[in-house]
Amino acid sequence: MSIIIGWLLLSAIVSVAASSRGRNGALWFVIAVVTSPLIAILFVFALPNLKHEELLSRLASRENERPLKIVGGHSSRVTMDRSPKPFEPDGVLGGVPYRVVPDGSIHAIMQGATVKFGSFEQFTKAVES
């Protein structure tokens with residue numbers, strides 16, 4: 001009897017974990033009861049967090065709605081590119097490799113991502129801070 005109660009308690013924990021990650025808690029409770037709570041919890045954590053992805057998509061759509069503020073002919077927005085293409089720098093400033101793009105913007109590798117600056121002044125301010 002204690003094994004069944006423990007099984008159901010662990011299945012309830014799987015259900016709560018699934019619900020907190022944007023999944024159907026009742027469905028994951030049934031999956032955990034039928035298979036194993038250990039296997040089910042591993043699957044719950046292996047699947048993407050739907051709440052996190054929904055938040056990111058809402059922020060991205062809100063970001064696209066805002067008009068760009070243009071200063072000196074260049075966008076004042078800093079964008080990040082996390083695509084896995086090779087980066088060939090033109091130089092290094094303060095330990096940060098950068099590349100000058102034909103449109104006058106600066107692409108730099110900062111904290112593992114390619115960051116695009118509208119001007120060299122924005123880039124130097126970011127490196128100095």
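Which residues form a nonpolar patch on the surface? In this predicted model, the patch consists of Ile 4, Trp 7, Leu 8, Val 30, Val 33 and Val 34. Together these residues present about 520 Å² of accessible area. Two helices contribute to the patch, with α1 (2-20) and α2 (25-34) each supplying at least two of its residues. Trp 7, one of the patch members, is located in helix α1. The relative accessible area of Trp 7 is 34%; Trp 7 is therefore classed as partly exposed, a term that covers values between 20% and 50%.

The loop between α1 and α2 contains Arg 21. In contrast to what its charge might call for, no salt bridge is formed by Arg 21, although this residue is buried. Glu 53 provides the nearest side chain of opposite charge, at a distance of 8.1 Å. When residues up to four places away in sequence are left out, the contacts of Arg 21 comprise Val 44, Phe 45, Leu 47, Pro 48, Asn 49, Leu 50 and Lys 51.

A further loop, between β5 (96-100) and β6 (106-110), holds Asp 103. Asp 103 and Gly 118 are separated by 15 residues in sequence, and their C-alpha atoms lie 9.2 Å apart in space.

Conventions: Residues are numbered from 1 along each chain as its sequence is written. This is a predicted model: local features need pLDDT of at least 70, side-chain atom pairs count only at pLDDT 80 or more; totals for chains, interfaces and linings use all residues. Side-chain values use heavy atoms; hydrogens and water are left out. Helices (H or I, at least four residues) and strands (E, at least two) are DSSP runs, numbered from the N terminus. Patches are made of residues with over 30% relative accessible area and no salt bridge: like charges are joined within 9 Å, nonpolar side chains (Val, Leu, Ile, Met, Phe, Trp, Tyr) within 5 Å. Accessible areas come from the Shrake-Rupley method with a 1.4 Å probe; for residues, only the protein chains shown count as cover. A salt bridge is a side-chain nitrogen of Lys or Arg within 4 Å of a carboxyl oxygen of Asp or Glu. Buried means under 20% relative accessible area, exposed over 50%, partly exposed in between (1.4 Å probe, protein chains only). Lys and Arg count as positive and Asp and Glu as negative; His and the chain ends are not counted. Contact means heavy atoms within 4.5 Å.
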